[in-house]
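Visitor: I'd like a close look at one part of this protein, the aromatic pairs. Could you put the chain up first and then walk me through them?

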Amino acid sequence: MRYRVPELLPLTWHTAEIDVDKSQFLAWICHAPDISSFDALLNAAKSAHPHASHHCTAFIAGPPGEQNLIGFSDDGEPGGTAGRPMFHVLQGSQLGQIGCVVIRYFGGTKLGTGGLARAYAQAVNHALETLPTREVVERDTYTLRLTFANEAMARSWSDELNIPIEKVDYDSDGVRLTIGWPRDYPLDLSSLENRLKSAVEVSTDTSTHA
């Protein structure tokens with residue numbers, strides 16, 4: 001699976017703000033590969049804006065479509081007017097590993113339930129417009145058994161296909177190259193075997209990663 005995530009360093013946030021009928025909405029977004037990363041964002045937002053009216057939240061700590069590592073909160077706003085609209089925007093963006101806090105300073109004019117839902121969704125959408133992102137490729141790990149003479153050609157093949165070599169081990173019989181193969185394609189070593197003019201012994205590592 002391939003999807004995009006926020007291109008942000010740990011403990012850094014992308015921010016944007018909008019004003020709606022004198023209320024100020026500050027959107028903070030983080031890269032959230034896990035729930036603890038989102039918790040750090042929320043704690044930072046609360047620390048920076050302790051006197052805000054609300055700190056409403058939504059996060060997807062996994063790929064798009066994740067069903068378990070998700071959450072949202074209205075933080076005292078009327079039920080369904082903040083966290084859920086924010087979450088729907090994150091879902092619709094097709095981004096993964098993303099967390100968002102929208103900080104509201106009440107401006108004295110009540111927006112109503114519909115107005116609140118639109119304002120919170122608008123704040124997240126506004127932040128997403130300028131959010132830097134990068135592609136994540138989920139990979140499965142395979143180990144290739146090669147002779148010493150074939151190592152250089154295998155490395156060249158890996159570079160040409162943008163297949164990362166994650167580990168290299170040597171012993172008296174040759175080389176073991178551990179590669180990360182993109183999960184959305186079946187393993188195909190035919191081009192490598194054609195180049196080497198020999199079959200490649202391969203074993204599967206049970207670990208997976210992105």
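Before we zoom in, how many helices and strands does the protein chain have?

Guide: Keep in mind that this is a predicted model. The protein chain has 5 helices and 11 strands. Its C-alpha atoms fill a box of roughly 75 × 25 × 25 Å along the principal axes. The radius of gyration is 23 Å, whereas a compact globule of 210 residues would come in near 17 Å. Buried residues make up 45% of the 210. If you take contacts between residues at least 6 apart in sequence, 70% of them join residues at least 24 apart.

Now to the aromatics. The structure holds 5 aromatic pairs, and I'll take you through two of them. Start with F25 and Y120: their ring centres sit 5.1 Å apart and their planes meet at 85 degrees, so this pair is edge-to-face. The cut-off for that label is an angle over 60 degrees. The two partners come from distant parts of the chain, with F25 in strand β3 (residues 23-31) and Y120 in helix α3 (residues 112-129), 95 residues apart. So here a strand and a helix are linked through their rings. What about solvent? F25 has 0% relative accessibility, so it counts as buried. Y120 is buried as well, with a relative accessible area of 0%.

The other pair is F72 with F87. These ring centres are 5.4 Å apart and the planes are at 40 degrees, so the pair is tilted. That angle falls between the 30 degrees below which planes count as stacked and the 60 degrees above which they count as edge-to-face. Again the pair links distant parts of the chain: F72 belongs to strand β5 (residues 70-73) and F87 to helix α2 (residues 83-93), 15 residues apart.

On the charge side, you'll find 17 positive and 26 negative side chains, with the centres of the two sets 4 Å apart.

So, back to your close look: F25 and Y120 make an edge-to-face pair, while F72 and F87 make a tilted one.

Key
Residues are numbered from 1 along each chain as its sequence is written. This is a predicted model: local features need pLDDT of at least 70, side-chain atom pairs count only at pLDDT 80 or more; totals for chains, interfaces and linings use all residues. Side-chain values use heavy atoms; hydrogens and water are left out. Helices (H or I, at least four residues) and strands (E, at least two) are DSSP runs, numbered from the N terminus. The radius of gyration is taken over C-alpha atoms; the globule rule is 2.2 Å times the number of residues to the power 0.38. Buried means under 20% relative accessible area, exposed over 50%, partly exposed in between (1.4 Å probe, protein chains only). Contact means heavy atoms within 4.5 Å. Lys and Arg count as positive and Asp and Glu as negative; His and the chain ends are not counted. The place of a charge is taken as NZ of Lys, CZ of Arg, CG of Asp or CD of Glu. Rings of Phe, Tyr and Trp (its six-membered ring) pair if their centres lie within 6.5 Å; planes under 30 degrees apart count as stacked, over 60 as edge-to-face and the rest as tilted.
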